[in-house]
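This report covers a model of two chains and how they pack together. The sequence and coordinates come first, and the discussion follows.

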Amino acid sequence: MVLGFFALSGITVLSALLVLVARNLLHSLAFLVLSFLGMAGLFITLSADFIAVAQILIYAGSISVLMVFAVMLTPLASRDNGNSLYVIPAALGGLGLASLIGFVAIDTDWDERSTRGLAETDFPATSNVIGDLLLGRYILAFEIASVLLLFALLGAIVLVQERQRTSRSQDEGDA
Amino acid sequence: MIPEIPALDEITITLAHYLAVSGAVFGIGVVVALSKRNAVAVLMGIELMLNAVNLTLLAFSRFSSAFPAGEEPIAGHVFVVFVLTVAAAEAAIALAMAVLLYQRRETVDLDRVNLMRW
């Protein structure tokens, strides 16, 4: 349990760092997938079974494939994963933010039971309770999320298709 | 004064451990999102930040079940489901915008997309 936590968090943080320093954009994408998988393992150690599977399906599956598509559909663009001029202030800001969060997390006097560890507290199975909550108390947010997904779908289609329509009309004009 | 390193079986993983990992991943995500030139790489940083927030929510949910007032710890999981939904929608739109940008300008380099720069 303890060893698993440290191994998984090491995998997650190290591959996130490799996303930052990898020279090739596709390599950095591969390390991003590894980081997502490590994060799914951390979710499992928190006994969040449904969320861990959803993380693997959505993040490590769909979103990474979308990113591979976006890289492959921009063939002439640079793939060197370069940094902009703001890398020093960004690194300082990120380091400051991470150390601030870590300091607050360690320094805060959490409830004493939160230091008792995971093994001594039981936790219910999550999937059926999540389903009950989504279709019960949070039904409005659930519906709004479905509308959001619908608009994202339509928006993505419209955004990418607009150029083809104009070019086709230009072709007809040329003909 | 070097603090003594405890043995492995004496360590209990607490809430602070998860929050520290989450803070580290969030900081790396901030650096990636702020310092990369490629639009897809910036999106990778944003996804890392969302992942770190998910880890925070799940850790609080898990450990709040040990709190006296934690009646319904699964509410954190429902939050994470919504974050996943919004992240998927945002990734679809942002990558469509990157492809559209490439079709119009032949680049996804954010330093060269400066039409609205003052």
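Leaving aside its neighbours within four places in sequence, which residues is Met67(A) in contact with? The model is predicted, and in it Met67(A) contacts Leu29(A) of its own chain together with Val40(B), Leu43(B), Met44(B) and Leu95(B) of chain B.

**Confidence**

The model scores ipTM 0.86 and pTM 0.86. For chain B the average pLDDT is 84, and 86% of the residues score at least 70. Within this chain, H1(B) has the highest confidence, at 91, and H3(B) the lowest, at a mean of 89. Where pLDDT is low, the predicted coordinates should not be read in detail.

**Chain B**

Chain B has 3 helices and 0 strands, in the order α-α-α along the sequence. Of its 118 residues, 53% are buried. Among contacts in chain B with a separation of 6 or more, 48% join residues 24 or more positions apart.

**The contact between the chains**

Chain A puts 80 residues into the contact, and chain B puts in 68. On the chain B side, two or more residues come from each of helix H1 (15-35), helix H2 (39-64) and helix H3 (75-105). H3(B) has the largest share of that side, with 22 residues. Sorted by class, the chain B side holds 48 nonpolar, 13 polar and 7 charged residues.

**The nonpolar core**

The largest nonpolar core has 71 residues. Met67(A) is among the residues with the most contacts inside this core, and so are Phe43(A), Val40(B), Met44(B), Leu58(B), Ala59(B) and Leu95(B). Both chains contribute: H1 (2-21), H2 (25-45), H3 (49-72) and H4 (87-107) of chain A, and H1, H2 and H3 of chain B, each supply at least two residues. H2(B) gives the most, with 14 residues.

**Two helix pairs**

Two packing arrangements involve H3(A), one with H2(B) and one with H2(A).

| Helix pair | Angle | Axis separation |
|---|---|---|
| H3(A) and H2(B) | about 175 degrees | 11 Å |
| H2(A) and H3(A) | about 170 degrees | 8 Å |

Angles over 145 degrees count as roughly antiparallel, so H3(A) and H2(B) run roughly antiparallel to each other. H2(A) is likewise roughly antiparallel to H3(A).

Between the chains, H3(A) uses Ile51(A), Tyr59(A), Ile63(A), Met67(A), Ala70(A) and Val71(A), which meet Val40(B), Leu43(B), Met44(B), Glu47(B) and Leu58(B) of H2(B). This contact comprises 10 nonpolar residues, no polar ones and 1 charged.

Within chain A, the residues of H2(A) that meet H3(A) include Leu25(A), Leu29(A), Phe36(A), Phe43(A) and Ile44(A). By class, the contact of H2(A) with H3(A) has 19 nonpolar, 2 polar and 1 charged residues.

**Asp49(A)**

Not counting residues up to four places away in sequence, Asp49(A) touches Ile44(A), Thr126(A) and Ser127(A). Ser127(A) lies 78 residues away along the chain, yet the C-alpha atoms of Asp49(A) and Ser127(A) are separated by 7.6 Å.

Terms used
Residues numbered from 1 in each chain as written. Chains lettered and ligands numbered in written order. Predicted model: local features only at pLDDT ≥ 70, side-chain atom pairs only at ≥ 80, totals over all residues. Contact = placed C-beta atoms within 7 Å. Helix = DSSP H or I, 4+ residues; strand = E, 2+ residues; numbered from the N terminus. Nonpolar A, V, L, I, M, F, W, Y, C, P; charged D, E, K, R; others polar. Core = buried A, V, L, I, M, F, W, Y, C linked by C-beta atoms within 7 Å. Buried ≥ 20, exposed ≤ 12 C-beta atoms within 10 Å, placed from the backbone. pLDDT = per-residue confidence, 0-100. Axes fitted to C-alpha atoms, helices over the stretch in contact; angles between N-to-C directions. Parallel < 35°, antiparallel > 145°, perpendicular 65-115°, else oblique.
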